[in-house]
Amino acid sequence: MAAIKHIYILSFTGQEHQWMLFDGTKLSESEEPGPKNKYPVVALLPDPLFFFFKPSGVNKSRHAKSATLMQMNYSFPEQNGGFKVLRPSGGAVLGYTSHDLLSRFTDQHREVLSKATVLTSEFAVCWRAAVADGLSVWSWKGQSGMRLLASGDALTYFRGGDEEFHNRFDRLKLDGKPEEIELEKACKVLAEKKIRWARLNLYSDGSSKEDKSAVIDFKPFIIAAVLTSLIGILFIVGQYHRWQLSQVAAKEWRGKLQEVYVSALGPAPGSDPYGKILFKLDQLKSGGGNKGVDVIGLLALMSDSSPVGIEIESINLGADSGNIRGKVSTYEELDGMMEKLTASGQFNFVLEQANNVESGISFSLRAEYNR
């Protein structure tokens with residue numbers, strides 16, 4: 001039977017550090033490893049020193065790293081680079097960037113961190129374990145009340161207790177109960193799945209030859225940018241061509257409409273030929289000549305005399321008179337409107353009814369045509 005591979009784990013709370021030992025089944029407090037230690041030593045840097053980003057739809061892409069970097073640069077354009085990608089194996093992809101305080105933290109703890117072979121964080125370990133277990137919805141509790149709810153491609157960070165957690169869970173319209181991942185459970189999963197801790201490394205202070213998680217393949221990035229630009233240019237050219245065709249068609253229709261106006265109203269149809277045609281139609285319906293109703297004049301007079309905020313509910317025009325129903329805010333506004341209307345010589349306005357309603361004064365007005 002193969003021997004169990006022990007792992008020393010170094011964690012931090014504030015400025016204090018603690019050593020633990022994972023023996024394959026459980027975590028327990030431990031002394032720091034001796035100078036002849038042969039087991040891996042994993043340092044869990046404080047999670048607030050990192051910001052993690054779950055890319056959308058790039059897990060199975062050949063260029064997952066480049067695609068993740070493109071999404072991060074698009075989502076956070078104010079940042080001056082510093083984006084990295086963690087892709088331990090398979091479809092696991094996680095973008096991240098570090099806080100400015102990370103270098104200061106590593107300088108303060110350089111002596112104890114020198115014993116570590118892997119520098120990562122508790123969240124990165126739990127995330128890798130959740131991916132290995134095939135979990136689509138899971139949760140994690142960090143230090144200082146920080147919590148995270150992972151669902152598909154979304155990582156939701158927040159602070160709060162169980163009530164806030166359930167509110168966010170319901171807001172995302174998730175079903176069931178999310179699996180809660182903590183460090184000991186994550187260590188068990190990594191041990192069972194034989195996942196290499198070295199591939200979870202997030203930080204390199206220059207002691208290692210190469211930080212592979214920070215290597216960026218710019219060639220796919222440039223190709224994608226060029227293709228995107230070409231597609232954008234073709235789209236703009238196509239839309240411009242369609243716009244030109246629509247402008248030509250619109251000009252043709254405007255010309256045909258002007259010909260109709262000229263044939264109906266003469267060579268000078270005026271600035272509102274459509275209104276004139278409607279007026280002539282109303283004259284024809286009412287018998288022609290001067291017996292028609294000047295609808296445009298009536299509406300113009302109402303518009304000039306009405307207070308701001310008036311609501312016209314209906315206008316019914318007959319051969320000799322018309323009825324207008326509406327609503328104003330106060331009786332003062334109604335009186336002011338009637339004074340302006342009675343000054344008209346073309347129409348005779350009579351206030352038939354005025355009632356208090358919930359949001360103002362409802363009125364009924366009769367307009368008699370002076371012919």
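Guide: Strands β1 and β2 form a hairpin with two residues between them, and G14 in the turn has a positive phi of about 65 degrees. The model is predicted, so local features need pLDDT of at least 70 and side-chain atom pairs count only at pLDDT 80 or more, while totals for chains, interfaces and linings use all residues. Residues are numbered from 1 along each chain as its sequence is written, and side-chain values use heavy atoms, with hydrogens and water left out. Strands (E, at least two residues) and helices (H or I, at least four) are DSSP runs, numbered from the N terminus.

Strands count as paired if DSSP finds at least two bridges between them. β1 also has four bridges to strand β4 (residues 41-45), and these two strands run parallel. I9 shows both pairings: its bridge partner in β2 is M20, and in β4 it stands opposite V42.

Buried means under 20% relative accessible area, exposed means over 50%, and partly exposed lies in between, with a 1.4 Å probe and protein chains only.

Not counting residues up to four places away in sequence, W197 touches I7, I9, V42, V118, V125, C187 and L190. Contact here means heavy atoms within 4.5 Å. W197 is also one of the residues with the most contacts inside the largest nonpolar core, along with F123 and W138; this core has 52 residues. Its largest share, seven residues, comes from helix α4 (residues 122-132). A second, separate core has 16 residues, including I324, L334, F347 and Y369. A nonpolar core is a set of buried Ala, Val, Leu, Ile, Met, Phe, Trp, Tyr and Cys residues joined through side-chain atoms within 4.5 Å. In soluble globular proteins, nonpolar side chains tend to be buried together.

E184 and T25 are 159 residues apart in sequence but 8.2 Å apart in space, C-alpha to C-alpha. At 24% relative accessibility, E184 counts as partly exposed. The loop between α6 and α7 (218-265) holds K194. Phi of K194 is near 55 degrees, a positive value in a residue other than glycine; at 75% relative accessibility, K194 counts as exposed.

A further sheet is open and has three strands in the order β5-β7-β6, with antiparallel pairing. β5 (50-53) and β6 (84-86) stand at the edges with a single partner strand each, so one side of each is left without a neighbour in the sheet. β6 and β7 (residues 94-98) pair over three bridges, and V85 stands opposite G95 in β7. Helix α1 (residues 64-75) lies across β5, β6 and β7, at about 135 degrees to β6. For that angle, axes are lines fitted to C-alpha atoms, for helices over the stretch in contact, and angles run from 0 to 180 degrees between N-to-C directions.

The structure holds 15 aromatic pairs. Rings of Phe, Tyr and Trp (its six-membered ring) pair if their centres lie within 6.5 Å; planes under 30 degrees apart count as stacked, over 60 as edge-to-face, and the rest as tilted. The rings of F51 and F76 have centres 5.4 Å apart and planes at 85 degrees, so this pair is edge-to-face. F51 sits in β5 and F76 in the loop between α1 and β6, 25 residues apart. F123 and W138 are stacked, 6.1 Å centre to centre with 20 degrees between the planes, and both are buried. Ring pairs link F123 and W138 with F50, F52, Y96 and W140 into a cluster.

On confidence, pLDDT is the predictor's score for each residue, from 0 to 100. The protein averages 83, and 89% of the residues score at least 70. Confidence is highest in β4, at a mean of 95, and lowest in helix α8 (residues 273-285), at 75. Over residues 206-216 the pLDDT is below 50. Where pLDDT is low, the predicted coordinates should not be read in detail.
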